[in-house]
Amino acid sequence: MSNPMPGDGCAKFVERLAALAVDGDEELERHIAACAACRREAERYRGLAERLRADEAASAAETQAPAALHDGILRAIAGAAPGAASSSPASTRRRPWRWPALAAGMAAAAALGWLMLARKPAPVAKRHATPAIAAPFEEDDDPCQLIGDLDDDEVARVSSYFKKGA
Amino acid sequence: MSRAAEVAVSEPIDDAGLIARFRGGDRRAFDELVARHEKLVFRLALRSLRDVGDAEDVTQRAFVQAFQRLDAFRGDSTFRTWLYRIAFNLVVTHARDAGRQRRALQAIAPEDLLPHAHAAGGAEPARGGEESARLRSAVEKLPVKQRLVVELRIYDELPFREVAQIADCSEDSAKMNFHHALKRLRELLQEGADA
């Protein structure tokens, strides 16, 4: 599919044309009143957005939320305590093996510490040579850290490129 | 109409007001927040997971997390934006776990288990129309962030400011991702039409 080459005044819209067209941005509207190429593009994007919206509306009508959804959520909430995100009810239960397990854990930690002290430490530079790799997709991870589309730096670079060209 | 919905009709109050009530000890205020947002959260989950049971499960968990963490909600964004972020994180985690499970099943007996694995995790919802199938298929080929931005802006009709908050990027970045997503969708649909 061929895209029209941006002319004078088009550059500031070219990377956001679809978004501005869907939003009905006033500045874009003034521009497309005089620019046939951008007007054609804007109409195509609006048409596509409308097709997607209609499709979603039809899909939503076909696939209603289950009738039991609301009650299910309320039941789940009833079993949860506010402010208990980090401590489940199970963690406060009495456990007879808790103290022996704690003692064994401390002994293991002490032994590990002694072993590490006994070994010659690696040079600092070498120890920092390999950065730690975070476990991916933890529940509280920021999902956008995992997604490499266009981050803010890239957006800034692209913007400055088009500003220069404008 | 549910009791919570009836309250909403008789006493219009915004989400911030309901949160204040909840913090003041009125636990039923949270029921009203659930009634207001459950369908949108369910749709968000269903679009990504394509399984009603999984979407229901994620929706429940999103509200439980919101309920448990509401004390930490500072109001920097709207409650809806905050709730959507929780739900989106859960969707990503759920999809990852389902993918891992599917890979493990396929490793055991690919021929026997593949259809079953698809039915469990990636079934196409019963929807009519070739046009619809083509659109859905094209949207699913988008990179995750572009897809999220398109879904939030077009399907959920959120303003770009809010889309940006949920996607954790600047508004400009959200607009640019949206533009590239629609551009890519046009190409994909054109390729499909030419084939």
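A nonpolar core is taken here as a set of buried Ala, Val, Leu, Ile, Met, Phe, Trp, Tyr and Cys residues joined through C-beta atoms within 7 Å; a residue is buried if 20 or more other C-beta atoms lie within 10 Å of its own, exposed if 12 or fewer, and partly exposed in between, with C-beta atoms placed from the backbone. The model is predicted, with local features needing pLDDT of at least 70 and side-chain atom pairs counting only at pLDDT 80 or more, while totals for chains, interfaces and linings use all residues. Residues are numbered from 1 along each chain as its sequence is written, and chains are lettered from A and ligands numbered from 1 in the order in which they are written.

**View 1. The largest nonpolar core.** This core has 70 residues. Those with the most contacts inside the core are A:Y45, B:A45, B:A62, B:A87, B:V91, B:V149 and B:V163. Helix α3 of chain B (residues 28-49) gives the most, with eleven residues. Domain 1 (1-126) and domain 2 (129-195) of chain B both contribute, so the core lies between them; the domain bounds come from an automatic or database assignment.

**View 2. Chain B as a set of helices.** Chain B has ten helices and zero strands, where helices (H or I, at least four residues) and strands (E, at least two) are DSSP runs numbered from the N terminus. Of its 195 residues, 40% count as buried.

**View 3. The surroundings of B:V163.** Leaving aside neighbours within four places in sequence, B:V163 is in contact with B:V149, B:L152, B:R153, B:L158 and B:A174. Contact means that the C-beta atoms of two residues, placed from the backbone, lie within 7 Å.

**View 4. The crossing of α9(B) and α10(B).** The two axes come within 8 Å and cross at roughly 95 degrees; axes are lines fitted to C-alpha atoms, for helices over the stretch in contact, and angles run from 0 to 180 degrees between N-to-C directions. The helices are therefore roughly perpendicular to each other, the term for angles of 65 to 115 degrees. From α9(B) the contact takes B:F160, B:R161, B:V163, B:A164 and B:A167, and from α10(B) B:E171, B:S173, B:A174 and B:K175.

**View 5. The side of chain B that touches chain A.** Here 57 residues of chain B are in contact with 49 residues of chain A. The largest share of the chain B side, 14 residues, comes from α10(B).

Technical notes. Parallel < 35°, antiparallel > 145°, perpendicular 65-115°, else oblique.
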